[in-house]
Amino acid sequence: MKQINCSPRPGWQQFAQSVGFNFHTFDGEPYWDETAYYQFSLQQIEQDLEQPTEDLHQMALAVVDDVVQSEQLLQQLAIPEAYWQAVRDSWHSAQPHLYGRMDFSYDGTGPAKLLELNYDTPTSLFETGFFQWVWLEDQLMRGEIPQHADQFNSLQDKLQQAFAELALPQPFYFSSVADSIEDKGTVDYLMDIALQSGLDARYIAIEQLGEADGQLVDLDGYAIEGLFKLYPWEFMLQEDFASTIISSKTQWLEPLWKSIISNKGILPLLWQKYPNHPNLLPAMFEQGQALKPGWVKKPLFSREGANIELMTPQGKTVKETGPYDDSGYILQALQPLPKFADSYSLIGSWVVGDSAAGICIREDNSLITKDSSRFLPHIILD
């Protein structure tokens with residue numbers, strides 16, 4: 001695993017705008033960064049990332065099965081009691097799931113260590129599945145990277161296959177918060193893939209969802225029988241229409257059981273069920289104990305590094321503020337992100353259905369990866 005400097009493609013910003021990648025720059029700072037790329041060997045991809053991703057995915061599903069059978073665990077994960085039965089029903093009826101992303105600390109030598117599971121509302125989808133693949137093709141054509149280079153990236157193909165094979169009601173709606181450019185870009189990408197798969201895909205903002213006779217409806221009052229929502233379940237269950245979630249006949253992507261697997265509490269439960277697994281880090285539910293050197297404190301519900309605090313083995317504290325301070329916390333052993341040049345690198349590994357589907361890489365000048373972290377492409381070279 002190497003970080004290699006390279007020349008950006010001329011005019012890539014204009015191309016980004018033309019394909020709807022309107023969030024390639026945040027507040028004047030680059031989010032998409034092609035001044036360098038990461039190089040992996042095929043063995044690193046297959047043995048250290050792809051296979052562990054699929055193994056960990058199955059382990060996480062086994063933990064979901066444990067949680068739905070335990071009121072104590074449902075309570076420990078801070079899932080509202082009013083929705084326990086709905087969570088159970090979504091699992092026992094095998095409501096289908098679409099995708100997720102695992103985040104790893106990995107420096108090119110295994111085993112990769114799982115930092116968390118983003119299994120409800122993972123973003124960086126368009127950048128991974130489409131934009132970095134186009135970067136690969138362009139740079140091959142320009143001779144900027146070796147001609148036999150490849151990329152671990154079947155994300156778009158597997159999403160298209162999933163939409164074609166899932167038994168989804170039509171029309172099928174896609175939803176996000178109206179004023180989030182990144183979320184809307186992610187949803188537009190998924191909608192485009194769904195349309196190519198033959199699905200009648202329609203957009204509705206979260207704020208436009210309505211209710212009539214216990215059923216979610218669109219702006220015209222028609223029942224929403226299927227909905228993909230890029231909006232966390234823990235937020236959905238607090239909305240005014242939350243009680244409608246139980247009575248509504250809507251088929252959800254992601255299903256309600258994803259509220260278990262996207263919760264940081266899954267990490268100590270994985271460690272309890274699979275102690276000393278090479279891809280897992282020691283983790284426990286926080287019970288008021290002080291943060292110690294070599295540990296990380298994470299809220300049960302958190303996005304993009306918010307409200308995470310860590311203490312290095314040397315006793316240095318790194319902390320991010322945020323809005324996720326109203327739930328419980330977990331503690332996880334610190335596995336510092338590897339440093340390449342002046343940046344700390346995080347690997348996101350995608351799952352579509354039950355299969356590994358590619359990786360993305362984020363860089364930050366901090367040990368905590370945030371929403372402002374840069375996205376860099378990668379290649380496989382043997």
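Biologist: How far is the sulfur of Cys360 from the closest cysteine sulfur?

Modeller: That distance is 17 Å, to the sulfur of Cys6, which is too far for a bond. A disulfide requires a pair of cysteine sulfur atoms within 2.5 Å, and the structure holds 0 disulfides. Please note that this is a predicted model, in which local features need pLDDT of at least 70, side-chain atom pairs count only at pLDDT 80 or more, and totals for chains, interfaces and linings use all residues. Residues are numbered from 1 along each chain as its sequence is written, and side-chain values use heavy atoms, leaving out hydrogens and water.

Biologist: Is Cys360 buried or exposed?

Modeller: Cys360 is buried, at 2% relative accessibility; buried means under 20% relative accessible area and exposed over 50%, with partly exposed in between (1.4 Å probe, protein chains only). Cys6 is buried too, at 13%.

Biologist: Which residues have the most contacts inside the largest nonpolar core?

Modeller: They are Phe40, Leu49, Leu114, Leu117, Ile260 and Ile347, in a core of 70 residues. Such a core is a set of buried Ala, Val, Leu, Ile, Met, Phe, Trp, Tyr and Cys residues joined through side-chain atoms within 4.5 Å. A second, separate core has 44 residues, including Ala162 and Trp350.

Biologist: Turning to helix H6, which of its residues are buried?

Modeller: In H6, residues 155-165, the buried ones are Leu155, Leu159, Ala162 and Phe163. Helices here are DSSP runs (H or I, at least four residues), numbered from the N terminus.

Biologist: And which exposed residues does the face turned away carry?

Modeller: That face of H6 carries Asp157, Ala164 and Glu165.

Technical notes. Helix = DSSP H or I, 4+ residues; strand = E, 2+ residues; numbered from the N terminus.
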